Amino acid sequence: MKFRFLPLIAMALIGLSSCSRRITPVYTYDEPVRSEPVMESNRGNSMEASILHYVNMHRRSLGLRDLQMIEPANQQAYNHSRDMATGRASFGHDGFSQRVSNISNAIGRVSGSAENVAYGNLSAREVVDVWINSAGHRKNMEGNYNQTGIGVYSDRRGVLYFTQIFVRR
């Protein structure tokens, strides 16, 4: 009974956690969180693949092109989800500019980027639906991006943390 409201609380929190930037960021972060890249971010994980499937399904319904998953963005998304789940970073977008810089160092010039984060005991479909129902998250999902990275990490209690980074090259 006490967990009945957890999805509502998570939805309220993720409604505040959408971030995007153009070539020149409109904002800066005072204390970026350093995330060392992981060697393998477990792309075989069906949760990330399912999230990409539902995001691309939504984009196709609007006549938009599919996003292609790229490993440098996957690594940064995974590291951010891990850092939030383990308390190394607060829930949100601290360090976003550094994550984009790390991706740019790996793939070349990035002309636009955005990020969605969420947490809770949500399925891939549920997290994408929550993002679709949030104006800021939906704007990122429907933005002029062509590549993405997705990372999911579970905390000690089994609560999932989600990060999706959107990139335009």
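## Aromatic pairs

Across the whole structure, which is a predicted model, a search finds four aromatic pairs, a pair being counted when ring centres of Phe, Tyr or Trp (its six-membered ring) lie within 6.5 Å, with planes under 30 degrees apart taken as stacked, over 60 as edge-to-face and the rest as tilted. One of them joins Phe91 and Tyr119, whose ring centres are 4.9 Å apart and whose planes stand at 75 degrees, so this pair is edge-to-face. The pair links distant parts of the chain, since Phe91 is in the loop between α3 and α4 (96–107) while Tyr119 belongs to strand β3, 28 residues apart; helices (H or I, at least four residues) and strands (E, at least two) are DSSP runs numbered from the N terminus.

The rings of Tyr119 and Tyr161 have centres 5.3 Å apart and planes at 15 degrees, so they are stacked. Because Tyr119 lies in strand β3 and Tyr161 in strand β5, this pair ties together parts that are 42 residues apart in sequence. Through ring pairs, Phe91, Tyr119 and Tyr161 are linked into a cluster. Within it, Phe91 is partly exposed at a relative accessible area of 26%, whereas Tyr119 is buried at 17% and Tyr161 is buried at 10%; buried means under 20% relative accessible area, exposed over 50% and partly exposed in between, for a 1.4 Å probe and protein chains only.

Leaving aside neighbours within four places in sequence, Ile70 is in contact (heavy atoms within 4.5 Å) with Ile107, Gln147, Thr148 and Gly149. Ile70 and Thr148 are 78 residues apart in sequence, yet their C-alpha atoms are 6.2 Å apart in space.

## Basis of the values

Residues are numbered from 1 along each chain as its sequence is written, and side-chain values use heavy atoms, with hydrogens and water left out. In this predicted model, local features need pLDDT of at least 70 and side-chain atom pairs count only at pLDDT 80 or more, while totals for chains, interfaces and linings use all residues.
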